[in-house]
Amino acid sequence: MRPGIIILSLILLSDVHPAFAVNSLELIGFSAESLALGGSGHVAIADTSSINTNPAAMSLIPGSRFDVTTGPLQIFQQHSDSFGNSNVEGRSNVTVLGDFGFVTRLSSIPRLIVGTGMFTQGGFGTDVRNLNTAFGTADDTSSFLRYLKFAMGVSYEVTDKFSIGIAPSVGYTDISLRLFPGTSVLPSPGLPNGFAGLDIRDRCARNGGLGGLGDQCPSDVVFSVKIGAMYRALPWLTVGATYTPPTKFNYSNGQATLNFSAFGLGLVNYDARVSGITWPQQVDVSMAARPTDRLLVAITTSWINWSSIRNVDVTATNPNNPLAPSQVTLSIPFNWKDQAVVAVGLSYAVLREQSWKDPNRFVAGIRFNHGNNPIPKETLSPLAPLILENHVTGGFGFRFTEKWSFDLGAIYAFKNSVTHTNPSLPFGPNSNDSISAYYVYNTLSYRF
């Protein structure tokens, strides 16, 4: 029964493409201030997000600090194709993001700074309902992937000007994929293999992306590390660099359902696993300049090795119906391209309290982030398109006291449209998708 093979090919060739984040799978910032800097503040931001951006920059924190960050992310999507779908809008579901971190300078070893934190590294998600399909039905699609990290960072000031850092981490990731789960079609002259809708459990995607871990979604626990360096070249100029090695995801312990109703088998449950998705290696080079005490100019350029994702292997096994195919194994080409990202940020201290150790009391600014689309048109999918390129960010930070502060950062990804033809998907030639997005971060900080 080959329709099971056909449907798995369709869903996984498309749905693993990200639409959740804004620089491919990667979120741009991990605190309100880092988001407000548009991802450019790797050697400029003295908060706990440095554990996850450049651990060497933890040395910018003079004592101890605790940050809690949360906020909503939302995408807006429209799809058109030759099957009567004209600007069909995806559901604008809100996804809840969050991070927290703690960093302290050891009094017994003043040059040594340690920290720990939990971060929403990135992911994707879409939910499009009541689409006209190539099979004459109206059905739904959805997708979701999340990657959460718990990291421990160490930074050491080798000299007064030069610091190094490392942050090993353990991560959790899961995925859910659905394509026309209510559709089942027998073979015909125009459809020789028929069609069976697929539902790889989406419970992990529920409640604003806060669904239970695993919960029948294919999942994996992974280990990674980030290393960084920072150098104060001049009193007003700091430079730095970071490297993140690749991390392979091997999703297992998931549950999937194939709709074989038209074949007289009903809904058939399978065990599902997915391999071949890699969180890529990444190199960042950063600069932060302070021409005056109040003005900050920050720039970060990044190379992200998305071309490491060449093929995704999918395996469905152990059906609960002995008449169904006992195993379905696929190797699917992705052929992503590497991504170059440039982030430029400006901020200005509007109010200062000269008696404070850090005198900047109210800071505001605006920044710009650009990253090219790493997904070729031949594998772009309306289920989860990644066509966002230009983003503008802004925000402010206010210190209530020397110890307590609040920061707000917001980012908007400008609407972009792409007309594409993916021969592996049943959306026909010259399909069109458009997407825009925003997310907001709120950070409450305590210094001591």
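Reader: Which residues does S169 touch, not counting residues up to four places away in sequence?
Author: Happy to start there, with a note that this is a predicted model, where local features need pLDDT of at least 70, side-chain atom pairs count only at pLDDT 80 or more, and totals for chains, interfaces and linings use all residues. Residues are numbered from 1 along each chain as its sequence is written, and side-chain values use heavy atoms, leaving out hydrogens and water. Contact means heavy atoms within 4.5 Å. By that rule S169, in strand β6 (residues 162-185), touches K149, F150, A151, V222, F223, S224 and V225.

Reader: Is S169 buried or exposed?
Author: Buried means under 20% relative accessible area, exposed over 50%, and partly exposed in between (1.4 Å probe, protein chains only). S169 has a relative accessible area of 7%, so the residue is buried.

Reader: And F223, buried or exposed?
Author: F223 has its place in strand β8. Its relative accessible area is 64%, so F223 is exposed.

Reader: How far apart are the C-alpha atoms of S169 and M118?
Author: These two residues are 51 residues apart along the chain. Their C-alpha atoms are separated by 9.4 Å.

Definitions and conventions:
Helices (H or I, at least four residues) and strands (E, at least two) are DSSP runs, numbered from the N terminus.
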